[in-house]
Amino acid sequence: MSSLSIRRPDDWHLHLRDGAMLEGVIGDTSRHFARAIIMPNLVPPVVTTDDARAYRERILKAVPQGDRFEPLMTLYLTEHTNPDDVEEGKRSGLITAVKLYPAGATTNSHGGVRDMEKAMPVLERMAKVGLPLCVHGEVTTPEVDIFDREKVFIDTVLEPLRKRLPELKVTMEHVTTEDGIQYIRSADRNLAGSITTHHLIINRNDILVGGIQPHYYCLPVAKRENHRQALRKAAVSGDARFFLGTDSAPHVDPLKECACGCAGIYTSINTMSCLAHVFEQEDALDKLEAFTSLNGPAWYGLPANEERITLVKRDEPVEFPTKISTGAGPVTVFDPKFPLLWDVT
Ligand code: DOR
Ligand code: ZN
């Protein structure tokens, strides 16, 4: 097959940042994606419905003329989040989900949740009003090995939470392990998972072999090859519980290429080309639309997009820039290490 028409995709996990960075990156998403769930880990974070409303306005202002793009807003869960404000955000249609960052898990997560007990009133209200919880599923206990953080989170945080609040809809974001995939598969309701583009392509060797490769470092960190294979199987399976959340997370190069580099990989610009390549490798191009355009909206109770995009396989690789320049500085683009032949027209 050399051409493929699918419904316009959505990105169910995206970092757009703010100010000059927002202006520099938004076009790479709005060019191909109709909607995206916007992560709230700004400095300071998006914690109230008013914060989210103001941030949404800034995003809409930055969308390039001619593009139609709908930001789906999230709130950053803290131990002081007000359940009434969250409910109001849901009822007004402004808030699509609430995001749980265990404190210290990743970029700008220090204001996240340390003691789950303190977040219970909000979580109970969310279960009651049908507002999904998006989780960064890693424990931050120093004793737990970074490669085991996802599994330990499932066993010690997620499973007890879901037992206690079976009505709470939970999205396990950026699943990176076979354990995560199995856990999602084992649940009959109210649990789904997003998978990033880069975790379908890299494993931990890409970060560590031949010198430290900061542009392949993200959180949750890429795992062993068997985990990447499990993610691929889930993504191409057509199983409605798995969908795309790119976790495209721009940082300027000086903050990646230093002694303590930030976590995050920038994939917005070439995600659809990378995914078409992966799905073709897996002989599953017919499942790409479910992953990028159908399963996510169904999970969040939204209609799939009516518009379509066409992917065309070229004879020569499509050239993407190795870096984009933003008003905040240069951002390195994810290099999948294979030629990208699929182009979005
Ligand atoms: O790699 C990551 N970057 N993982 C996250 O969870 C956060 C993100 C960011 O905001 O940079
Ligand atoms: Zn993220």
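1. Let's start where two helices touch: Glu-178, Asp-179, Ile-181 and Arg-185 of helix 6 meet Asn-226, His-227, Ala-230, Leu-231, Lys-233 and Ala-234 of helix 8. Contact here means heavy atoms within 4.5 Å, and helices (H or I, at least four residues) and strands (E, at least two) are DSSP runs numbered from the N terminus.

2. A word on the ground rules: this is a predicted model, in which local features need pLDDT of at least 70 and side-chain atom pairs count only at pLDDT 80 or more, while totals for chains, interfaces and linings use all residues. Residues are numbered from 1 along each chain as its sequence is written, chains are lettered from A and ligands numbered from 1 in the order written, and side-chain values use heavy atoms, without hydrogens or water.

3. Back to the helices: helix 6 (residues 178–186) and helix 8 (residues 225–236) pack at about 35°, their axes 8 Å apart. Axes are lines fitted to C-alpha atoms, for helices over the stretch in contact, with angles from 0 to 180 degrees between N-to-C directions.

4. Now the aromatics. Trp-12, Phe-243 and Tyr-300 form one cluster; rings of Phe, Tyr and Trp (its six-membered ring) pair if their centres lie within 6.5 Å, and planes under 30 degrees apart count as stacked, over 60 as edge-to-face and the rest as tilted. The Phe-243 and Tyr-300 rings have centres 6.2 Å apart and planes at 65°, so this pair is edge-to-face. Phe-243 lies in strand 9 and Tyr-300 in helix 11 (residues 288–300), 57 residues apart. Both Phe-243 and Tyr-300 are buried (under 20% relative accessible area, 1.4 Å probe, protein chains only; exposed is over 50%, partly exposed in between).
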